[in-house]
Amino acid sequence: MTTIAAPVSSAPQGARNRQILYAIAIVALFGAMWPYSEWLQRLKTEADLGEATIGQIDGSSFLQKLAVIGGLRGVATHSLWSQALELQKQHEWDKLKVAVDFITKLQPHFLSVWTFQGWNLAYNVSVEWDAPEDKYVWIKNGINYLREGVAKNRRSPDLIWDTAWTYYHKLGFADEAIILRRLFYDDPDEEGTQFKIDPISLDTRHDNFQVARGWFLRAIGLVDQGAERAETGVTSKVVYIDRMPDRKGRPGDLNFRAMPAHAQTRYAIGMEKMSKKDIEPLFGQFAIAEWDQAYKDWLTFGKYPFPAHNNPEEKIFLDDITNPERYYSAELSDNQRYWTNRWADQMNYRYWKDRCDAEREEQGVNARRFFYEGTRALRLGEFATARDKFKAGLSLWKELLDRHPTYRDDELNQKDTGELARRYAFALKQLGEDIPEDMPFKDIYELVKNEPFRDPFDQLDQMRVGETTTEPNPPSPPAAR
Amino acid sequence: MPFLGIWAQAATGEPSTLLKWLVLLGDPQVTTSSWIGGPLTWAKFLGLLCLLSWILVQLYYALRGPDRLDVARRGPGPAAYGLLVLLGLSVATALVSVLEQNRRLVLPPIGPLNLAGYSVGPFTVTDLLLAALGLVGLVVLEIALWSSLARGSRGGRALLVLLLHGAIAAGVAVYYFVQLAYRQSRGLSPVLESADLLAVLLNGIRYGATYAGLICLVFYAGSFLGEARHVRWRRLAAIAWHTIVESFRRTRAPWAVLALFVVVLAFTNWFLGRGRVAELARIFVSTLSVITTFLLMIMIVLMAPISIPNDIRQQTIYTVVSKPVRRLELIWGRLIGYMAVVTFLLAILGGVSLLYLNGVVGGRVRTTREAALAALNQGRVEEARRLDEAATQLSNRLSARLPLYGSLLFYDSRDRPRMRGVDVGSEERRRSHVEGATPARAIWRYDIVPDPANPSRPVDRRLPVNQLLRPGSLEALENRIVELQLEAQNIERRLTLPDTKPAEARRLNERRQAINAELNSLTPQFEERRRQEQDLIAKARQAEAAGNRQEAARLREQAAAMHSPDIPVEMTFSVFRTTKGVLGEAVNASLVVRNVNRPEVPESRKLFPVQEYYTRRESFPARLLVGSAGRIHMIVQCQSPTQFLGMAENDLYVLANQGPFWTNYLRGLSGIWLQALVMTAVGLFAGTFLSWPVALLLTLAAYLGGQVAFGFLDLFARGQVAGGGPFESLLRLLGHENLSTDLAPTASVVAAQTLDRFFTPIMSSLVYVVPNLNALDVSDTVASGFAVTGRTLLEQGLLGLGYALPFTVAAFYILKNREVAA
């Protein structure tokens, strides 16, 4: 229990003195900090260790980290993470978005967070929404989340690859891809997120596969520079504890290097059909140029020296498989031949290369135009037109494929071409005509005649074709590496 | 009085009303759904707290107080030894129980014991130890009580001690009768069995303790009211003013709050502005509420607990208490002062927030509408529709909608009524589903319906027709006429009944005359207005025929103005697809609105596509309400085959009113104000008996506990947290063990579990003391654009007072008994 004591005297004077002392101390400490921070900054620049090396400096985030929670950052991140899980269970999507944004403000260099939550938004949250327009918004959110991760971690091939993959796969291969790709096509990107910018050419693209190709190329470019995260330019050795190795871009990663060619091929395929809702396909020189680019992309892939799996000294070029002279020459060891063959099979390299080679011919593009017009006529019930178009198309196609036996004989093509023959036969049947004996690809037709194939990425096969369709903007040519 | 518990399955016979009331008063876990239930539970719990603190004070006096025991003066006496034995026994009990539970110790059961013809048991060793513990505790308490009574002969205290003992005895007696009544209701013999004896004893003591607590509460309340009588506004105001001046001049905390708020606000837009347009308001409003709450709470948590300790440390309190100021005034004056500061700050923060919201969110509504217009002009119709929808959603969120909820009933695809629809296996369990293109449907009943939780009790969910129909409109007049006609029919019917008494018949006749008089004046009025309306429409047709479109539109508008506007209905459904369906096509739903009172009125039907997570607004014509007496059914069906529509009761509501946002926002701030009130009371309470650093920590802990950890505390108290008590959890954390594995009973595990036996009950009971701050928070309602009603405000206010008042009273008693000055 307190007891009464004599009153303390001259308190104001003492307090004033103390305040002056504190003020001087504050100024002095600040003064001392100035040269220290300058010195530290110089050291960081010399060792290339600053925030700026890893990625973009975020003023607000840095400020938050330091000023608001300091050492409690880990705890706050954990709590936000479990909060995010809970919000997802409660279907509180917008709050989830705020929470995951906040996590990355606190931990901008924690790669798994970007990878996981970017995927989570684009893949898991988007499917919870029923309308394709809403799905698109969430896929965009996911991709932009990943892109922000890239901006803050410029040396991570993983994040760049994840971004590319989401553009490529989630927009291009979803059930609603036809609508999603149209939404991408129309997206004015009013928020200014540069969502449709190809990171290589820095042009705006209206097709997700084109943008994806740019991002795939960027990931490959980074790996080719030999850049692993935060390592380039560091003069002193950095010691990592429990370091996560990069998932993407390891020496034998075939898929990683094939993706630009895949994206370009998908773009060319999509161009020649109604792969975007109510957008007319494009043929002629535009299509030829894109198929030509696809061919070149496959060649780039085929000519890349992959280290043989069992002997990294020996280099494998997948393209050798299409060049028998070289393949069987003494230049290649048996081991090289083995891996070339095995990996070419694994990647179906022969098919893709030969297909692009065939499709980039004028004849190929013209045949595709006939097929498109024929299918369209078929859907509208104009069977005579359909018959004529298919007939013209198939004979062109036959001539072309006879020059490209690898493409012709591949199983993938048999399904594709077989379906075209089936449609021709269907048109004939509707007109009461018999199938002519000399119908091209009759052998393939016999195989698939009872197995109709509906292209999941073609509006003609999946949806009603609207009254009004739009002529597409002519594309700008893709940027080479 | 509807009752929980033991009579739920009673076959015959109801217990007497007196016994029911005694149970209601005696069992802390029994309550009633009438208005008295809440306050009574609160009183019972406060009573138990009073009893506990009274016992602790008595024990303290017995050992340390001014009239402490002689033995305690000379050295450790029997009471102190008793306490030591108590401690040893409780450790032993906990240890044995833990060892037995882990099977490290296998002891044979003891008993059954033979007591006066009853055979009781068998008991485990832990049971017996517990009994011994109880006995020793009782003895120690009794010694302390009686000897301290013998010393200081205070009449009031002796009476209280006697009353408390009586209460315990009464508790046992009441439970005995409860048991008897129970046996009687089940048709059993009125002689208790051996198994019941222990139950009577233990539950009787529990009841008795509650009665004793209530008696304590009455004693304390009496003496407190005696003190409160002397409180004068003048002195309160002086102390409050002093507190305000002190907080602004000395700590300058309010200025810091204002400065911080502005700084945080400047950064808010950076990472919030990128969300979906439709949800922007919700995100912004809730974030602003969180920031405001956080800043104010931190200010309170820092200022309130250090105020009294500071005064004591700097000895200013001696000057104050030597003046004729009551101790209660010291507490309440400070409370008022701090709350004045909070009110001032809330007004500024609220005002700035409103301006900010108006700028950012209001601005977004405008730009979105402009974008919609631009899209429309460029021919992007679909996008324009979407943008417009988003802008509407956003502006709806920035209002105060007053919803009227119906009672939801499902019918499954075989037309059988169900409480819930189909479970599609979603983690979110709130919604259940209706199958498409089948008879399955969901019916929102605005009617007198049985309470889903208690089917024997009806709840009134009828629509307030007079509130929904515009007064003086055609529909309102017609409704009145139909209502009167129905009443007249009813009277006719009752007059024909043979058992109507003459007095009643006279009253009915009088009423019938009154109705007829009103009908006679209303009917021509209604006819006249209808004629006017038809005239207007006829003129409009003529104008149309003459090609005067503008005139026709004006006339039609005039005619429409004579009607009540359509009644808006808002709804949000979710979609579950079992097949992809047709690409790009939405799932369709239908809404049928039916007047149940007059089935002959044609129903309103709407068919619309469902957009998930968007609130859709439909409406039905006001004339459906005419003569409905508020009894309306709204039937929702899913029209797309193989798809399911998900819904919960709150997903569809009639919009009674849409008020302005800003008043609602200010009402929402009341939640923050109440939280500040509670935390101020807690802080002042902590300051009365702790030094300032400890008081600060305690207040901070109470704040964090109430704000962040209350849900956890609640789960913990209900035993739903896996992984054991605090010490066992710590071991699991350190040993990287998951929550559900059985730990090997090593020495450390046993030690931890033994310690948990002491700490778990303490932690569990925290849930009753730590204020549930989240319950006071209404910011979510405001953020979702729903009105905070006066009723909500009242409930919140009572809840806030229910927390704040006991803390200030406790603070007063502590301060009163502290020797701050002679």
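Modeller: Gladly. Keep in mind that this is a predicted model. Let's start in chain A, where helix α8 (residues 157-172) and helix α10 (residues 208-224) pack with their axes 8 Å apart, at an angle of about 160°.

Colleague: Why is α8(A) called roughly antiparallel to α10(A)?

Modeller: An angle over 145 degrees counts as roughly antiparallel. The angle here is about 160°, so α8(A) is roughly antiparallel to α10(A). The crossing of the two, α8(A) and α10(A), is left-handed.

Colleague: Which residues in α8(A) meet which in α10(A)?

Modeller: On α8(A), they include A:I160, A:W161, A:A164, A:Y167, A:Y168 and A:L171. On α10(A), A:F209, A:V211, A:W215, A:F216, A:R218 and A:L222 are among them.

Colleague: And how do the residues of the contact of α8(A) with α10(A) divide?

Modeller: There are 15 nonpolar residues, three polar and one charged.

Colleague: What makes a residue of chain A buried, and what percentage of the chain do buried residues make up?

Modeller: The cut-off is 20 or more other C-beta atoms within 10 Å of its own. By that rule, buried residues make up 40% of the 481 residues in chain A. For chain B, 31% of the 822 residues count as buried.

Colleague: Into which domains is chain B divided?

Modeller: Domain 1 covers 5-227, domain 2 is 233-369 + 661-817, domain 3 is 401-466 + 566-658, and domain 4 is 470-561.

Colleague: How do you know that domain 1 of chain B touches domain 2 of chain B?

Modeller: Residues are in contact if their C-beta atoms lie within 7 Å. Twelve residues of domain 1 of chain B are in contact with twelve residues of domain 2 of chain B, so the two domains touch by that rule. Their centres, taken over C-alpha atoms, are separated by 34 Å.

Colleague: Which helix gives the most to the side of domain 1 of chain B that touches domain 2 of chain B?

Modeller: That is α4(B), with five residues. The helices α2 (37-64), α4 (78-101) and α7 (194-228) of chain B each supply at least two residues of that side. Its residues divide into eight nonpolar, two polar and two charged.

Terms used. Residues are numbered from 1 along each chain as its sequence is written. Chains are lettered from A and ligands numbered from 1 in the order in which they are written. This is a predicted model: local features need pLDDT of at least 70, side-chain atom pairs count only at pLDDT 80 or more; totals for chains, interfaces and linings use all residues. Axes are lines fitted to C-alpha atoms, for helices over the stretch in contact, and angles run from 0 to 180 degrees between N-to-C directions. Helices (H or I, at least four residues) and strands (E, at least two) are DSSP runs, numbered from the N terminus. Angles under 35 degrees count as roughly parallel, over 145 as roughly antiparallel, 65 to 115 as roughly perpendicular and the rest as oblique. A crossing is left-handed if the near helix is turned anticlockwise from the far one by less than a right angle, and right-handed if clockwise. Ala, Val, Leu, Ile, Met, Phe, Trp, Tyr, Cys and Pro count as nonpolar, Asp, Glu, Lys and Arg as charged, and the others, Gly among them, as polar. Domain bounds come from an automatic or database domain assignment. A residue is buried if 20 or more other C-beta atoms lie within 10 Å of its own, exposed if 12 or fewer, and partly exposed in between; C-beta atoms are placed from the backbone.
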